[in-house]
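I opened this entry to look up the core and the aromatic rings. My notes follow.

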Amino acid sequence: MDDFIKEIKDNLTRKNYLSALALALILPDICGKIAYPDMKHKNGRPDTGGRYAKWYDEYIYKYDNPPGLEDQENLINPLNGAAVYKLRCNFLHEGSNDIEEFLKKESTEDYSEYRFIFTDSITKFIKQWESGIENQKNIDIQINIVDFCNHLYWAAEPFYKKHSKETILKNIIFT
């Protein structure tokens, strides 16, 4: 885990944001497997997405959305564990951060459009209505990529140190 985190930090310092993001998005996979090794689908196969989402929600999401913010809609982070797992799958397997359809499908409210972007600016979640267009409700999700990667490794590092008995990297040569 230390090697992953060192690489994430190094990539962030060098502004290699895509590399940092790719590495950071696998941390909940590792931690989820440690925390919930027996979590399986009904067919008996490991539930990778389920344990990823559960770990993320327990160790990151609940701290991003503390109790009492429910009435302040613009402050609620819609990126729960399931959404971040979808991001991880799309990013690592398709080279895309497009999770807008997933967010729209998962939402309890009817939005006309989701706009999701990574940025080097501030993180913000904005619900807005288009001026002059009835029922045109949009949500903009702007995530600071450095903060996002930091949150992932800040949560994963102490979890891994507390729960893991051995290194996850085997037979990998670092020169």
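I call a residue buried under 20% relative accessible area, exposed over 50% and partly exposed in between (1.4 Å probe, protein chains only). Both Phe 116 and Phe 118 are buried.

This is a predicted model, where local features need pLDDT of at least 70, side-chain atom pairs count only at pLDDT 80 or more, and totals for chains, interfaces and linings use all residues. Residues are numbered from 1 along each chain as its sequence is written, and side-chain values use heavy atoms, with hydrogens and water left out.

I checked confidence next. pLDDT is the predictor's confidence in each residue, from 0 to 100. The protein chain has a mean of 83, with 79% of its residues at 70 or more.

Then I looked at the rings. Rings of Phe, Tyr and Trp (its six-membered ring) pair if their centres lie within 6.5 Å; planes under 30 degrees apart are stacked, over 60 edge-to-face, the rest tilted. I get seven aromatic pairs by this rule. Phe 116 and Phe 118 are edge-to-face because their ring centres lie 5.4 Å apart and their planes meet at 75°. Trp 55, Tyr 59 and Phe 159 make up one aromatic cluster.

Last, the core. A nonpolar core is a set of buried Ala, Val, Leu, Ile, Met, Phe, Trp, Tyr and Cys residues joined through side-chain atoms within 4.5 Å. The largest one holds 43 residues, and Leu 25, Leu 79, Ile 141 and Phe 148 have the most contacts inside it. I followed up Ile 141, taking contact as heavy atoms within 4.5 Å. Leaving out residues up to four places away in sequence, Ile 141 touches residues including Leu 79, Leu 103, Phe 116 and Phe 125.
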